[in-house]
Structure formats: structure tokens, C-alpha cells
Amino acid sequence: MPTILSKNQDYSITKIEIIMLKIPYPHPFRIALAVMDCAQNIVVRVHDSDGLVGVGEGCPPRFVTGEAPETAFEAAKLYARILLDKNPLEIDARLAELERFMLKNSAVRCAYDLALYDLLAKHASLPLYALLGGTKQVVYSNRTIGMDTPEVMAIAAASFVAGGAKSLKVKVGTGRDDDLARVRAIRKAAGKGIAMRLDANQAWDEATAISALTAMADYDLQLCEQPLPYWNEAGLKRVREHSPIPIMADETIFDHHDAFRLAAAGAVDYFNIKLSKSAGIHNALKINAIGEAAGIQCMLGGMSESLIGVSAGAHLICACPNIALADMDSPFHFSEDPTLSGVDFQADGMVTLRDTPGHGADVKPEWVERSEKVEISV
Ligand code: MG
């Protein structure tokens with residue numbers, strides 16, 4: 001079938017490059033779930049018969065999506081064979097085929113989803129935010145403080161604030177008193193007027209969560225992400241009912257089905273949308289729509305994405321006013337930037353979009369060269 005958008009009667013996907021982007025960190029980054037010393041992301045470059053290339057990225061952390069870099073790389077190869085020789089602009093149909101072929105693997109499916117949206121926007125010669133019906137705007141991300149001693153975390157907070165950051169995200173999760181000491185030290189170092197969010201990454205039980213959040217009531221915290229294990233949805237509701245600080249679901253919410261259940265239960269105040277959990281933009285839009293209908297604002301969060309995933313996220317934010325918060329500073333953890341173009345991300349958290357077609361980001365050729373990769377073609 002010829003497409004409306006393409007002049008080519010046999011318009012289709014001709015080739016897919018799969019690249020394992022392994023990006024070292026200069027310092028280990030600690031959260032309650034893990035200590036990370038590098039990012040290992042899957043990038044796909046989807047080529048079409050018109051000579052355009054869509055680029056997408058997924059970040060597969062074992063402890064969140066259940067994927068490992070090695071399994072993600074293999075899954076990406078299997079998915080590539082489903083997509084080859086088909087029309088990439090029929091995004092809904094292509095993504096449904098991927099999910100039907102193999103469930104879960106949300107980070108790999110995210111890489112393909114972002115690549116297909118990037119390709120569609122390039123076909124339309126529009127920046128991705130415009131394709132999605134959005135308005136170009138500057139996006140402000142928080143800066144994230146990894147878990148450490150209160151003293152070290154306070155130094156990081158002071159440094160971010162001195163650099164112009166207006167919003168901090170604080171990783172906690174070793175117990176009520178430790179975490180209270182962290183919050184106290186960081187608020188003192190950051191001063192008033194700096195927005196502060198907490199993320200316990202599933203580390204607390206219900207009693208600890210209620211006790212810790214009650215004790216933190218005086219430190220002007222905007223919200224607490226994922227106080228309980230991912231499976232404890234009923235517990236989230238109970239914590240929300242007793243906490244003076246609003247609650248955000250992160251590891252509990254992957255897709256729109258989770259969003260619907262959480263909204264219907266009144267379990268949380270906010271949703272954290274991450275493209276590598278939602279399997280990309282297609283489902284992220286659905287999560288946001290459910291949030292909007294239920295009066296639940298969303299945050300666009302991230303894991304260890306490079307500027308490829310981050311750029312796609314920033315474009316999505318511009319198309320979704322209900323995504324009111326951004327946590328996407330993962331590229332600042334890297335010792336080297338493996339990407340070209342994409343958004344401009346300043347150390348104070350300010351993200352500025354460009355008007356090139358698509359999300360604009362790609363892998364630097366020298367990084368393609370040195371990375372583990374495979375090419376699959378028709
Ligand atoms: Mg989180």
C-alpha cells in the first residue's frame with residue numbers, strides 16, 4: 001500500500017541499526033535500589049526507503065523494568081525482524097505488533113517507539129513537539145542528588161543551587177532517622193524557595209513511610225516518590241491518607257492500565273511517567289490523559305537516558321500541559337556525551353528545544369563505531 005506521506009510506492013523500513021550505548025559515570029550514583037557506575041542503553045536507528053532515519057533510545061535497568069542490557073540487545077534484534085519491510089508511519093499498528101510478539105521489554109519497545117515518532121516527525125518536517133500538537137517552551141528539570149551521607153548530599157545541594165538550579169530531587173531510603181537527617185541538611189544548605197522532591201525508590205514499609213514523612217512535614221517537600229515496594233498499591237493509598245507530603249507513583253506505574261487502576265483507587269497524587277517504563281510516547285500520552293481526567297499531574301522522569309531519550313521527553317512535555325514536572329538530568333551523570341544535537345541542557349536544569357525535525361538527537365559517529373552493534377536489513 002502506498003502511503004500518503006511518501007512518494008515511494010513500496011515505502012517501508014529497510015534497515016535497523018541496534019547500538020548498545022555504554023556510557024561510564026565518573027562517580028558511582030547511589031539510590032535505594034542499586035549503585036550505578038555506567039549507563040547501558042539501547043539505541044535503535046530505523047531507516048526507511050525514503051532515506052530518512054528515526055532514532056530512539058531505551059534505558060533497561062534490571063531493578064525497574066526487569067531487562068538487562070544483554071537481554072535488551074537480544075530483544076531489540078527480535079523486534080527488528082517484526083518491523084522490517086513494514087510501513088513505519090503506521091505507529092499504532094507497528095507498536096501493537098511488537099507488544100503482541102513479546103510482552104514487557106518496555107525499554108526496548110521505547111527505543112522503537114521513539115524512533116518511529118522521530119521518523120514520522122522527520123517525514124512531516126516538523127519538530128516532534130509540533131507534530132504532537134504542542135507549543136515550544138523552555139523546560140525546567142530538577143537536579144538529582146544521589147544517596148550519600150547528609151554532609152555530602154548537602155554539599156551537592158549547595159553546589160546545584162549556586163549553579164542556578166531551582167529544584168532538587170533527593171534520593172533517600174536507608175531508614176527514617178538517616179533520611180530525616182538528609183532532608184534537614186539539604187534544606188539547610190539549599191535554603192528556602194528551592195523546590196525539593198524526595199524519592200525513596202521503594203525502600204520503606206508503610207509504618208516507616210508514614211513516620212518519616214510526618215517527621216519531614218516542616219521541610220517544605222513538594223512530594224515523595226515511590227515510598228513503598230512497587231507491588232503495594234493498597235499501601236500507597238494508606239500512606240497517602242496519612243502523609244502530610246503528596247505521594248507520587250513511579251515503579252508502580254508503567255502503562256495506562258496501571259494509571260487507570262491507581263487513579264480509580266485514589267492511591268497517589270502524582271504519576272511519574274518514564275518513557276522506558278511506558279514503552280515510549282504512545283502509552284505516555286495515554287497515562288497523561290488518564291492523569292488529566294483524574295486531576296493527577298504528571299512528571300516526566302528518566303532513568304539513565306542520554307540526550308536522545310531526554311530530547312524526546314522534552315518534546316513530549318511541550319505537548320502535554322498536564323506534565324507539570326521534569327526530572328531528566330541523567331546526562332549530567334556521564335563522563336562523556338555520546339550524542340549529537342538534541343535539546344540544549346544547562347547545568348541549572350534549563351532545557352531548550354531546537355526546531356530541527358524530529359527530536360533532533362542522534363549518536364555521535366565515533367560512538368556508533370566503538371559500541372557493540374548489529375545491523376538488520378530486509
Ligand atoms: Mg523514582
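Here are some questions and answers about a predicted model.

Q: Is Arg182 buried or exposed?
A: Let's start with its setting: Arg182 lies in helix H7, which covers residues 176-190. Its relative accessible area is 5%. Buried means under 20%, so Arg182 counts as buried.

Q: Which residue has a side chain joined to that of Arg182 by a polar contact?
A: Setting aside neighbours within four places in sequence, Arg182 is in contact with several residues, among them Met147, Asp148, Lys171 and Thr174. The side-chain partner in the polar contact, at 2.6 Å, is Asp179.

Q: How are helices H3 and H4 oriented, roughly parallel or roughly antiparallel?
A: Two packed helices are described by the angle and the distance between their axes. For H3 (residues 91-101) and H4 (residues 106-123), the axes come within 11 Å and cross at roughly 165 degrees. Angles over 145 degrees count as roughly antiparallel, so H3 and H4 are roughly antiparallel.

Q: How many nonpolar residues does the contact of H3 with H4 have?
A: H3 passes H4 in a right-handed crossing. On the H3 side the contact is made by Ile91, Arg94, Leu95, Leu98 and Glu99, while H4 brings Arg109, Tyr112, Asp113, Leu116, Tyr117 and Leu120. By class, there are no polar residues and 4 charged ones, and the number of nonpolar residues is 7.

Q: What distance separates the C-alpha atoms of Phe29 and Ser125?
A: Phe29 is found in strand S1, residues 13-31. Phe29 and Ser125 are 96 residues apart along the chain, and the separation of their C-alpha atoms is 38 Å.

Q: Is Phe29 buried or exposed?
A: Not counting residues up to four places away in sequence, Phe29 touches Ala34, Val35, Met36, Thr144, Ile145, Gly146, Lys171 and His333. With a relative accessible area of 11%, under the 20% cut-off, Phe29 is therefore buried.

Q: What is the phi of Gln226, roughly?
A: You will find Gln226 in the loop between strand S8 (223-225) and helix H9 (233-242). Gln226 counts as buried, at 0% relative accessibility. Although Gln226 is not a glycine, its phi is positive, at about 35 degrees.

Q: Where is Ala279?
A: Ala279 is a residue other than glycine with a positive phi, near 65 degrees. Its relative accessible area is 7%, so Ala279 is buried. Its place is in the loop between helix H11 (275-278) and helix H12 (281-294).

Notes:
Residues are numbered from 1 along each chain as its sequence is written. This is a predicted model: local features need pLDDT of at least 70, side-chain atom pairs count only at pLDDT 80 or more; totals for chains, interfaces and linings use all residues. Side-chain values use heavy atoms; hydrogens and water are left out. Helices (H or I, at least four residues) and strands (E, at least two) are DSSP runs, numbered from the N terminus. Buried means under 20% relative accessible area, exposed over 50%, partly exposed in between (1.4 Å probe, protein chains only). A polar contact is a pair of N or O atoms within 3.5 Å; within protein, one must be able to donate a hydrogen and the other to accept it, and residues adjacent in sequence count only if both atoms are side-chain atoms. Contact means heavy atoms within 4.5 Å. Axes are lines fitted to C-alpha atoms, for helices over the stretch in contact, and angles run from 0 to 180 degrees between N-to-C directions. Angles under 35 degrees count as roughly parallel, over 145 as roughly antiparallel, 65 to 115 as roughly perpendicular and the rest as oblique. A crossing is left-handed if the near helix is turned anticlockwise from the far one by less than a right angle, and right-handed if clockwise. Ala, Val, Leu, Ile, Met, Phe, Trp, Tyr, Cys and Pro count as nonpolar, Asp, Glu, Lys and Arg as charged, and the others, Gly among them, as polar.
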